[in-house]
Amino acid sequence: MQRLQDRVIIITGGARGIGKATALKCGTEGAKLAIWDIDEAAGRELVETLSNAGFPARFYAVNTVNPEACLKAAAAVITDFGRIDVLINNAGITRDSSFKKMTHQQWQQVIDVNLTGVFNCTKAVYPYMAEANYGRIMNASSVVGLYGNFGQSNYAATKAGLIGMTKTWAREFGKYGITVNAVAPGFIATEMTEAMPEAVLAGMQDKTPLRRLGQPEDIANAYAFLASEEASFITGTCLSVDGGLIL
Ligand SMILES: NC(=O)c1ccc[n+]([C@@H]2O[C@H](COP(=O)([O-])OP(=O)(O)OC[C@H]3O[C@@H](n4cnc5c(N)ncnc54)[C@H](O)[C@@H]3O)[C@@H](O)[C@H]2O)c1
């Protein structure tokens with residue numbers, strides 16, 4: 001029996017980066033995968049890869065900012081797979097700028113995806129989990145939410161906000177057998193960090209005791225653990241996966 005045998009896992013923003021690595025990891029552990037993303041081409045390509053590897057998987061075109069789309073997609077997952085065991089709220093964006101230059105639009109876009117999107121997805125999935133008396137919810141926070149970062153007022157606010165939401169939901173959902181945890185990655189080599197200046201990334205690497213950037217698989221391993229029965233008594237925590245960047 002595999003660690004995530006037959007678990008139905010929704011991964012938002014699952015088409016690439018950390019979400020994609022998480023889908024592949026959970027697939028190898030026996031899970032069935034529902035990939036929610038706005039990037040249809042990448043999402044469908046990933047589902048083909050997963051299916052070819054023998055992992056049951058489906059793509060759902062969902063913009064997590066839209067509550068109706070989330071409700072519809074959650075119902076579709078129930079139709080396709082029969083239940084929802086795990087929700088990984090991974091979709092997130094950056095719109096970096098110093099506070100002085102940040103526009104209201106940059107502020108709002110990041111709030112909408114990183115915070116309201118997570119609220120929308122959890123709203124859509126929670127009733128199924130509560131009814132089943134079982135669930136695992138993970139929220140993608142960041143070291144930036146714990147410690148701040150130059151040029152990321154909007155992003156830091158959302159990633160810190162997610163930790164507050166995680167702890168609140170852990171308190172509210174526990175009686176229904178649902179655990180809720182956050183994961184705070186350090187700097188991980190994905191398209192998101194490709195947008196950052198090379199010198200900044202090199203500086204981060206130097207500051208990291210383990211002397212490397214993280215790989216998407218480092219975070220995928222943490223999500224797979226939190227989704228598993230081994231983590232059944234862990235809730236309301238924020239797990240840093242950052243190579244010791246901030247101690
Ligand atoms: N890469 C890092 O260094 C790092 C560090 C800390 C936290 N994180 C967080 O981890 C998560 C994944 O990061 P990544 O580096 O893999 O990012 P990425 O940009 O490579 O991938 C993000 C995915 O989310 C999807 N997405 C964006 N907006 C969406 C929306 N409204 N609805 C549905 N899907 C949407 C994108 O299409 C993409 O597939 C994010 O929440 C990010 O903030 C990343």
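Helices (H or I, at least four residues) and strands (E, at least two) are DSSP runs, numbered from the N terminus. By that rule, the protein chain has 9 helices and 7 strands.

Before going on, the ground rules. This is a predicted model, in which local features need pLDDT of at least 70 and side-chain atom pairs count only at pLDDT 80 or more, while totals for chains, interfaces and linings use all residues. Residues are numbered from 1 along each chain as its sequence is written, and side-chain values use heavy atoms, with hydrogens and water left out.

Overall dimensions next. Along the principal axes, the C-alpha atoms of the protein chain fill a box of roughly 50 × 35 × 35 Å. The radius of gyration is taken over C-alpha atoms, and the globule rule is 2.2 Å times the number of residues to the power 0.38. For 247 residues a compact globule would come out near 18 Å, and the protein chain has 17 Å, which agrees.

Now the sheet. The 7 strands form an open sheet with parallel pairing, in the order S3-S2-S1-S4-S5-S6-S7; two strands pair if DSSP finds at least two bridges between them. Strand S3 (57-61) and strand S7 (238-241) stand at the edges with a single partner strand each, so one side of each has no neighbour in the sheet. On average, neighbouring strands of this sheet are turned by 20 degrees against each other, direction ignored. Axes here are lines fitted to C-alpha atoms, for helices over the stretch in contact, and angles run from 0 to 180 degrees between N-to-C directions.

Trp-36 stands opposite Tyr-60 in S3.

Helix H4 (residues 104-132) lies across S1, S2, S4, S5 and S6, at about 175 degrees to S4. Helix H9 (residues 216-227) lies across S4, S5, S6 and S7, at about 155 degrees to S5.

Last, the ligand. How many residues surround it? There are 29, and the closest are Asp-37, Asn-90, Tyr-155, Ile-188 and Thr-190; a residue counts if one of its heavy atoms lies within 4 Å. An oxygen atom of the ligand is 2.8 Å from a side-chain N or O atom of Arg-16. A backbone N or O atom of Ile-188 also lies 2.8 Å from an oxygen atom of the ligand.

Definitions and conventions: Contact means heavy atoms within 4.5 Å. A polar contact is a pair of N or O atoms within 3.5 Å; within protein, one must be able to donate a hydrogen and the other to accept it, and residues adjacent in sequence count only if both atoms are side-chain atoms.
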